Every structure is written in structure tokens, then in C-alpha cells.
Amino acid sequence: MGLLDFFKGKPAVRTSLEQLSYNIAYQILPHYVFRQAAQLFDIVESASETSHFLFYHLACKSLSIPSLQEEAAQYRWHQFDLDNKHTLLVLAYPQPVAIDLTGKSFKENAQSVGTWVIAPHFSGIVRSKQHDHIRYFVLGQTSMGGGTVLREIDDMATNANLGAGPAPELDNFVALMRQRLEESEQ
């Protein structure tokens, strides 16, 4: 170690993709969903390659870490018409490391806190074409049993657990969003 190395700052610790995805799903994206929805839909509908990477880059910037192109490429937007009145935007996150704390003691779980993240698989934004009403959902991992859980976040940042979700595949998530929409209109 050289004399001046003492004054250099420590290199930034690399944050996991699971943590970046969690930050996007629960902190960054809800702001855009409920406060800048028109701009969000414009960005995604522009179909530019940078629209896929935007929120990843924002998450990296918020943590003062560099963006990595190979990580950014793992985030993808998809757009669907759920019916003639509703549009669905889906942000697909990178495949997270599997988490299953089943059978571990309280002590084991307490000791492992901070070594894992219950990451999202998809964020879904349902928008009414007539009223611009927005609903925001996240399909994420569960901590036990290896399944998924569906959550809805509202404009007041209330995070509601809606129960078990489907296998984390895009088609399953879109079908679930259609089902939720049909149930809410009955």
C-alpha cells in the first residue's frame, strides 16, 4: 500500500441485481407510476432500447454505483391490451437467486439477514384508457416454499399482500392481471 493509497476512498460495493430490482419495484417505479404515469407510458411506448434500461440506471445512480450494460440488458418492458379499456405495462426483472428459508430456525434466519433479497419477478401497471386510473402490482418471491406472492401498491405507498401468485412466467402474470381486472369490474 502506497503512502497516498490511505487517502483514496473505498471502492463502491457492488449491489446485487436482486437488490436493484427490489429498489426499482418498491421505491423508484411507484413514483413514476403514480406521479408521472403519462411520461412513463410515453417512455415505454417509444420502443427505444434505452426505455428497457432506464429504471436500472436510476437504481444504480441512487446507490452511486456504475451501471453495467450486461446487467441493464436483463430488464425488459412488455406492453399488452388487457381488454378494450385497459393497457398493461410489464417490467420483467432478471431471474433472481432462489430463496427458501423453510425449515430454518429463527436464529439461522436472523443470522442470514442481509445476505438475501426477496426479489420481484414482474411489475405490472394497469391503466384505464378512458380515465387514466392506474393500478400497480408486483409479483415477487416468497421467503418460504419457493413460490410467488402478488402485491398491490397504491398511490399512498400502501403495500398489500394479495396472496399466492402463479409460476413466474410472463404469460402467467398477464393472465393473472386479466383475472384481477375481471374480478374488480364485477
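Select Y75 to begin: with a relative accessible area of 1%, Y75 is buried, a term that denotes under 20% relative accessible area, against over 50% for exposed and partly exposed in between (1.4 Å probe, protein chains only). The model is predicted, so local features need pLDDT of at least 70 and side-chain atom pairs count only at pLDDT 80 or more, while totals for chains, interfaces and linings use all residues. Residues are numbered from 1 along each chain as its sequence is written, and side-chain values use heavy atoms, with hydrogens and water left out.

Turn next to the aromatic rings. Rings of Phe, Tyr and Trp (its six-membered ring) pair if their centres lie within 6.5 Å; planes under 30 degrees apart count as stacked, over 60 as edge-to-face and the rest as tilted. Six aromatic pairs are counted by this rule.

Select Y32 and F55. Their ring centres are 5.1 Å apart and the planes stand at 80°, so this pair is edge-to-face. Y32 belongs to helix 1 (residues 17-35) and F55 to helix 3 (residues 49-62), so the pair links distant parts of the chain, 23 residues apart; helices (H or I, at least four residues) and strands (E, at least two) are DSSP runs numbered from the N terminus. F55 counts as buried because its relative accessibility is 1%.

Y56 is in helix 3, whereas Y75 is in the loop between helix 4 (69-72) and strand 1 (76-81). Y56 is buried, at 0% relative accessible area.

Finally, select W77, which forms one aromatic cluster with Y32 and F55.
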